[in-house]
Amino acid sequence: ITEPAELNVAILSQSNPLCALSCDGSATAIVTGGTAPTTYAWTSGGTSLAESGLCAGTHTITGTDANGCVATDEVVVTVRPALVITGTLDVCVGSTTDLDGNSTPATSNAWTSSSVSIATVDPASGVVTGISAGTTTITYTDDLGCTKSVDVTVNALPSVNAGVDFSICAGSTATLAATGAVSYVWDNGVTNGTAFTPTSTATYT
């Protein structure tokens with residue numbers, strides 16, 4: 001009576017996904033011993049020694065030989081942290097906002113805008129400049145080709161009306177009440193909507 005060599009299954013190599021949330025990892029196993037033929041079953045669904053399309057997590061391969069002997073091994077697939085874009089995601093026309101990514105940027109065109117008529121973005125620094133009112137998608141690409149996108153809203157500038165010119169008698173009070181915006185700052189320290197006493201003829205902005 002000849003006893004066959006013990007069945008053994010072992011992970012030979014593995015490749016982790018390049019980008020977070022992607023499932024393009026792979027692993028290859030080898031088998032020794034046992035009695036042919038040997039069948040294989042991965043917990044991820046594959047039935048050969050090589051398995052692809054692996055997401056992050058633990059994946060087990062089970063080998064079963066002609067005598068019903070079983071051997072297993074497992075591989076742990078890991079991924080990089082998810083890309084994150086930080087910074088203010090709204091900006092006024094003519095103003096800028098600085099966006100940052102949490103990984104090494106691509107060597108060229110790391111930042112792009114889906115609509116440069118609404119907002120442009122510096123391809124290296126991530127500085128977004130508002131061009132016209134609307135929303136554009138800003139995409140960041142890192143050195144491995146992984147991407148992350150966010151929507152940036154460009155707000156139109158308010159149309160402020162300071163009111164009509166008027167005259168008052170010396171010693172009388174005046175009230176400046178601008179409209180068209182949410183908050184106002186007048187020069188000379190005047191508070192919008194609050195009466196004050198001018199000391200001389202002047203233009204207020």
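This passage goes through the overall build of a predicted protein model and then its cysteines.

Let's start with the big picture. The protein has zero helices and 15 strands. Its radius of gyration is 33 Å, while the globule rule gives 17 Å for 205 residues, so the protein is more spread out than a compact globule. Of the 205 residues, 27% are buried. The exposed surface comes to about 12,000 Å², with carbon and sulfur atoms supplying 53% of it. As for contacts between residues at least 6 apart in sequence, 44% join residues at least 24 apart.

Now for the cysteines. A disulfide is a covalent bond between the sulfur atoms of two cysteines, and this structure holds two of them. One pairs Cys19 with Cys146, with the sulfur atoms 1.9 Å apart. Cys19 sits in the loop between β1 and β2 and Cys146 in the loop between β14 and β15, so this bond ties together parts 127 residues apart in sequence. The torsion about its S-S bond is about -90°, which means that the disulfide is left-handed. Cys146 is buried, at 4% relative accessibility.

The other disulfide joins Cys23 and Cys55, whose sulfur atoms are 1.8 Å apart. Cys23 is in the loop between β1 and β2, and Cys55 is in the loop between β4 and β5, 32 residues apart. Here the torsion is about 105°, so the disulfide is right-handed. Cys23 is partly exposed at 37% relative accessibility, and Cys55 is partly exposed at 29%. Counting bonded cysteines along the chain, the pattern is 1-4, 2-3.

Technical notes
Residues are numbered from 1 along each chain as its sequence is written. This is a predicted model: local features need pLDDT of at least 70, side-chain atom pairs count only at pLDDT 80 or more; totals for chains, interfaces and linings use all residues. Side-chain values use heavy atoms; hydrogens and water are left out. Helices (H or I, at least four residues) and strands (E, at least two) are DSSP runs, numbered from the N terminus. The radius of gyration is taken over C-alpha atoms; the globule rule is 2.2 Å times the number of residues to the power 0.38. Buried means under 20% relative accessible area, exposed over 50%, partly exposed in between (1.4 Å probe, protein chains only). Contact means heavy atoms within 4.5 Å. Accessible areas come from the Shrake-Rupley method with a 1.4 Å probe; for residues, only the protein chains shown count as cover. A disulfide is a pair of cysteine sulfur atoms within 2.5 Å.
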